[in-house]
Every structure is written in C-alpha cells, then in structure tokens.
Amino acid sequence: MCPGRAGHNAEGMRTQVAIIGAGPAGLLLSHLLAQGGVESVVLETRSEEYVAARIRAGILEHSSVELLEAAGLGARIRAEGDEHRGIYLQWPGERHHLDFVDLTGRSVWVYGQTEVQKDLIAARRAGGQEIHYEVSDVALHDVEERPYVTFTDVSGAPQRIDAVVIAGCDGSFGPSRSAVPAAQVFERVYPYSWFGILADVAPSTDELIYAWHPDGFALHSMRSESVSRLYLQVPNGTDPQSWSDDRIWGELSKRLGHGQNGWKLNPGPITDKSVLPMRSYVQTPMRHGELYLAGDAAHIVPPTGAKGLNLAIADVALLSRALISKIKDKDSSYADAYSDHAQRRVWRCTHFSWWMTTMLHTSGDPFDAELQLSQLRWVAGSRAGATGLAENYAGLPIGY
Ligand code: FAD
Ligand code: DHB
C-alpha cells in the first residue's frame, strides 16, 4: 500500500470515491478527481507490473489526446507517440488512403495502452493517491445509500472502505456491473476472433492498413519505429500456439497484399501471440444509487476501429466532472445526467465498431462479400462516405 490521504478509523478507511479497478478508466478517474480536489482510493486485483505490461489498445483519438494533455499527461504522447493523418482501406488489388485531417481536421495518435498506463502510474506516484494492488474478495455493499467496499489486502487482512460514491472501473470481469440490479443488457457475439502479434520489426507502412480479404480480415498496426502490431481474423477457439511464425507471416503477407504494386511486408521475430474473441456489450443504466460504472465495466466493443480505450477515457471525462460537482459543489445535476449522457457516445461507438467489424470480416457467404466490397468502394470513393468513417474513427468531441 502506498502512503495516502484516506482516513483510517476503527471501522476501516474512509474516502470520497472508492474506485474499483486500476486500468485506464480507474487510474485516469483518480487523477482527474485529485486535480479537482476530490480524494479517492483505488483497488486492483492484479500487481502494478502486470497492469502496466498488458498489451491491448494502440490508437488514441483526437479528443483523448486533448483530454490527456489538459490533464498534464501529454508530454510522452507528443515526444514518443506518432501522429497519423488517417488510415489505408484495402481489398485485393486496391489500397486507398483516407486522410482524416483533410476530411475532418482531426488526427489520431499511435500510442500504446501500456504507455498510457505507465503515464497514469507515474502521475499517481507524484500525486500520492492511495492504491491497493493485489487485493482479493472485493465486494460492494449498500450502494443505494451509504456505500462501502470490503476486500482482503495483499497481506491477507480484511479491509473496509466507506465512501460517498463507488466508481466501478473493473472491466468486463469485475463485480461492479452485477451490482446494478435490473440492468438492461444488449449483446452481440461475433463468429470470429482476432489473432494479434507483436513483432520486433519496423512497420512496413506509414499508417495503419485495414484489409478485407476473402480468407479473412487483416490489420497492420504498430507501436513504434521498431515494433509492429498485426492482427488476423481467425475462427473462435483458435489456439495461438498452434500457429507457427511462418504460417502467421504467410497469412499476413497474403491478406495484406505483399507484392501488390511493389509493396512488401517485412517479417521479424514475434514477441507476443494472443487471441481475442470479439463481442459488443452494452449495459444500461451506468449508475445505480451511489455506484457509477465507467469503461469496460459498462460496455465492450469489438476492436475494429480502436474504440475501447477511447470510450473508457470519454466516460471518465464525464464522470470526473460529475463527481467533482456532486462532492465539492453539492450539485448533483451532472451525476444525475451521467448515464444518459455517456450512453449517447457508447451507442455511437458501439454502432461504429459493429459497422467496421461487419464491413471488414468475412463470413463465408458470397452475398455478404459482395455487399462488403460495394460498401468499401463507396467509403473509399466518395467524400461523404470517407468523411463518415473519418469522423467516427478520429473521434467525436468529449461530451458528444
Ligand atoms: P480494464 O483495462 O479492463 O481495467 C479494469 C481493471 O479492473 C483491470 O486492471 C482489472 O484487473 C481490474 N479488476 C477486475 N476485477 C477486479 C476486482 N474484483 N477488484 C479490483 N479490480 C478488478 N481496445 C482497443 O481499442 N484496441 C485493441 O486492440 C484492444 N485490444 C484489447 C485486447 C484485450 C485482450 C482486451 C481485454 C481488451 C482490448 N481492448 C482493445 C479494449 C481496451 O483495452 C479496453 O477497452 C480498455 O482497457 C478499457 O479500460 P478499463 O479501465 O475500462 O478496463
Ligand atoms: C490497434 C487495435 C485496433 O483495434 C485498431 O482498430 C487499430 C489498431 C492496435 O492495437 O494497434
């Protein structure tokens, strides 16, 4: 446990906001609350090292970068991130560049979630907010009126934190989402997964390539000048260890168009392999009594279009303002509006992620394939079509 400001008494600890989960949503919320003069305690089941090393998202929207910069977290993004004007959309024989800056005036940044997490951990150390890693048995109590959280700390001692509110930022497997009774759940499971690799090789492209191919979708992304991140559509249940490196590079080369107009995919040593199942999930409302949900605790999007991390950041932007107004200014209007307000963007991103996913992943049905190709030609060939994709990809303003 780090030194913090939560008061200890005979019953346990007391704080203003008990935050469950130290992923990007929980740590950013804690940081923004501290900047607004509201104290919080964060609980996390994993170790700090594990959380910092998890390989996940890689693209920050324009508004996410603006928000992180305004919160004093932009220095490394500017120094080490890579600003991209747009993406390439391709299908066999054709590759088209969509220039988001030209279409919407907004860019995106390649900056890994691992780096966002490191920046948040460094800011927390500097700010001294209290955080407990490697806790277990986290349970939420009395969320309607006098909320408190119980848990077992890393030494095995039982603990209790009383709070004004609880923020459930504990992702898709945490206990917070099920503490909202009678929530309405919307869900779609897709019949394919993403096989993701990280490779120690310079990217073979200046901007991301999203490729439709009859054998399945492929994506060429990156993390730095010397690290590439690539994905392949694979059937659900694929075991990543059952694919040899040669098979992975062969499949990526074919789907990404190695040899097409002289373009080459450079292979290199693979340092990480994982398979990510894809689903859409929205739970509403995102508030019950004094419990507020943010990020993956309330919604999951399939990764096509890179919305998951950005949506978590956008939720927290709204929630931090709502909790600061409620706790410091005794004005509950933003807190009362939080769920409805956040859901507007959640559904926009849910639609966009579903649309990108279903446009780019093959189902084996030839009718679907012709519709997809027709839609890709329209998006790439019409300024109206390209602008729609660009507006959603580069991101809507916070508060949309
Ligand atoms: P999380 O990052 O999941 O953080 C929740 C935290 O809560 C975790 O640290 C977890 O350990 C902790 N927790 C869980 N249970 C408890 C408990 N009982 N008590 C205390 N703490 C608890 N998005 C993209 O945009 N692009 C991608 O390529 C991409 N790849 C992904 C790959 C994987 C394997 C996963 C799982 C997600 C991926 N995402 C991607 C989604 C993106 O990473 C998430 O949307 C983002 O991490 C959401 O942040 P969060 O803080 O809401 O949740
Ligand atoms: C990455 C992930 C995405 O889901 C995406 O659409 C683009 C890039 C990535 O991990 O780099």
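Me: Helices are DSSP runs of H or I with at least four residues, strands are runs of E with at least two, and both are numbered from the N terminus. In which element does aspartate 368 have its place?

Reply: Aspartate 368 belongs to helix α10, which covers residues 366–381. The structure is a predicted model, in which local features need pLDDT of at least 70, side-chain atom pairs count only at pLDDT 80 or more, and totals for chains, interfaces and linings use all residues. Residues are numbered from 1 along each chain as its sequence is written, chains are lettered from A and ligands numbered from 1 in the order in which they are written, and side-chain values use heavy atoms, with hydrogens and water left out.

Me: Why is aspartate 368 called partly exposed?

Reply: The relative accessible area of aspartate 368 is 29%. Buried means under 20%, exposed means over 50%, and partly exposed is what lies in between (1.4 Å probe, protein chains only); aspartate 368 therefore falls in the middle class.

Me: What makes phenylalanine 186 partly exposed, and which residues does it contact beyond its neighbours within four places in sequence?

Reply: Phenylalanine 186 lies in strand β13 and has a relative accessible area of 31%, so it too is partly exposed. Outside its sequence neighbours, phenylalanine 186 is in contact (heavy atoms within 4.5 Å) with Ser280, Tyr281, Val282, Thr284 and Trp347. From phenylalanine 186 to aspartate 368 there are 182 residues in sequence and 24 Å in space, C-alpha to C-alpha. Aspartate 368 and asparagine 261 are separated by 107 residues and 27 Å on the C-alpha basis.

Me: What makes β7 and β20 edge strands?

Reply: They belong to an open sheet of 8 strands, in the order β7-β6-β14-β15-β16-β13-β17-β20, with mixed pairing. Strands β7 (94–99) and β20 each have a single partner strand, so one side of each has no neighbour in the sheet.

Me: Why is the protein called as compact as a globular protein of its length?

Reply: The protein has 11 helices and 20 strands. Its radius of gyration is 22 Å, close to the 21 Å from the globule rule for 400 residues, so the description holds. The radius is taken over C-alpha atoms, and the rule is 2.2 Å times the number of residues to the power 0.38. Buried residues make up 58% of the 400. Of the contacts between residues at least 6 apart in sequence, 73% join residues at least 24 apart.

Notes:
Pairing = 2+ DSSP bridges.
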